Amino acid sequence: MQGDFRINDWLIQPQINTVEKDGKTWHLEPKVMQVLVHLASHPNEVLSKERLIDAIWRDTFVGDDVLIRCISEIRYVFGDDPRSSHVIQTIPKAGYRLIAAVTTEISSVTDLKVSRDHAVKSLGDQNHSVPAARQAVTLRYEATAFDKKPDTSLSPGSETQLPSWPQSAEGIDAAKLGIATIASPSVSDHPTDAKQRSSYSRLWFVVVGIIGVLLCVGGTFLWRSAHPSAFDVFWGPIVNTPDPVLLCIADQNQYSFITLRDSSDPSHQVVLKDNLSAVVIDDLDTIVRIASVLRATGKKYLLKGEEATSLMDLRNGPTIFVGAFDNSWTLRLTKSLRYHFNNDPEMTQFRIIDSNNPLQRGWTIERSQQMSTNNYRDFAIVARFTDINTGKPAVIVAGVGRGGTIAAGEFLTDPDHLAQLLQAARLAGNKQNMEIVLSTQIIDGQPGTPKMEASYFW
């Protein structure tokens with residue numbers, strides 16, 4: 001499948017990774033578009049997961065979940081329900097099949113060129129007596145005649161005649177044929193003139209080269225401005241500010257002593273008085289991920305515990321808050337948002353509440369189940385908004401449980417996950433503030449893939 005094509009009423013443009021319908025445009029990630037194109041290249045054919053993965057991710061080891069996410073995103077754009085599919089049908093234990101109508105887009109310019117070439121060829125075929133030596137000139141003349149309007153001065157019943165040709169190539173009048181002639185400039189034999197012409201030629205090539213490079217750079221900049229990446233959409237307001245970023249993390253009890261090992265005998269431990277604050281190692285996973293993103297963009301950042309963070313600190317620049325029920329700043333900032341954290345007085349249930357539907361209790365963790373089985377469904381909030389108290393950008397990366405915080409950190413630092421957020425943001429009108437509820441399955445204490453449960457943009 002090459003070039004643009006249609007699936008039902010949808011226009012697919014693989015070269016720019018877009019899907020259009022009724023004036024609306026959706027942008028797909030390159031791999032997602034490749035999956036769609038491969039399915040469209042084999043309409044009504046059942047393609048196994050192994051075959052699709054081998055075609056799209058050749059020489060790269062990926063699991064089925066990557067392909068499943070691509071199929072889900074395609075269905076999301078097409079509004080396709082897997083239970084009653086009209087675009088991509090899931091064949092249990094076999095694979096996927098594109099059941100929608102696929103048509104190829106053919107431009108009118110191409111059609112006109114094909115018609116013109118056919119007409120020119122037909123005219124040439126009628127003049128079999130033209131010698132091969134003049135065939136190229138004949139076709140050129142006939143193509144020129146084809147472009148001109150027909151002669152309407154012929155009387156009814158008269159026959160249209162092709163122009164007569166001279167018997168020798170020397171007799172051909174280029175002006176009559178409509179072929180432009182270019183006079184060759186006289187060439188001076190003076191060596192100085194030749195050197196000057198050579199210098200001018202080299203200078204001309206240099207100038208053209210510089211202009212070409214500038215046009216390429218400018219075009220790339222304009223294209224990136226019009227097609228920001230998922231990272232740019234979310235992290236741009238944070239990393240493009242001149243101020244350093246503050247990472248406000250949850251810290252636990254302060255310790256008045258520390259245990260150190262003797263350098264001469266590492267098995268020997270010595271307890272010394274000190275002042276220490278502990279950080280939950282699950283939060284550390286998210287902190288490292290986010291710090292890596294900041295360092296990759298050259299952004300400076302500071303690290304502070306939530307108890308040591310003041311309002312003045314938050315007014316100095318963007319702040320990223322990690323952790324929920326062990327970070328008081330997170331609870332304060334999310335309290336006024338649509339989605340916020342909540343718990344019962346006995347601290348046996350921890351949940352996320354939707355202010356627009358407060359009776360909804362689906363995003364809840366039972367503390368007893370969490371502690372006894374270590375297998376449960378965890379939830380998290382990721383958000384980016386302008387804090388009305390400080391006027392600075394704020395980012396929330398916080399789970400109800402520890403696994404939720406890990407999943408939130410993975411979501412905001414993984415391009416594939418951020419692509420889902422980018423798609424939702426575009427559908428909502430590219431608004432500046434956003435809040436997302438995530439879920440993840442915890443198995444033996446380890447979180448799985450984060451999944452978007454709800455989103456809100458304002």
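Which strand holds Ser439? Ser439 sits in strand E18, which spans residues 434–443. The model is predicted.

**Ser439 and its surroundings**

Ser439 has a relative accessible area of 1%. Buried means under 20%, so Ser439 counts as buried. Its side chain makes a polar contact with the side chain of Glu453, at 2.6 Å. Glu453 is also among the residues that Ser439 touches beyond four places away in sequence.

Val207 belongs to helix H7, residues 191–226. Its relative accessibility is 33%, so Val207 counts as partly exposed.

| Residue | Relative accessible area | Class |
|---|---|---|
| Ser439 | 1% | buried |
| Val207 | 33% | partly exposed |

**The buried side of helix H2**

Helix H2 runs over residues 49–56. Which of its residues are buried? They are Leu52, Ile53 and Ile56. These residues cover an arc of only 95 degrees around the axis, so they lie on the same side of H2. What do they pack against? Their partners are helix H1 (30–41), helix H3 (64–78) and strand E6 (95–98).

Methods: Residues numbered from 1 in each chain as written. Predicted model: local features only at pLDDT ≥ 70, side-chain atom pairs only at ≥ 80, totals over all residues. Heavy atoms only, no water. Helix = DSSP H or I, 4+ residues; strand = E, 2+ residues; numbered from the N terminus. Buried < 20%, exposed > 50% of the residue type's maximum accessible area, 1.4 Å probe, protein only. Polar contact = N/O pair within 3.5 Å; in protein donor to acceptor, adjacent residues only side chain to side chain. Contact = heavy atoms within 4.5 Å. Arc of directions from axis to C-beta.
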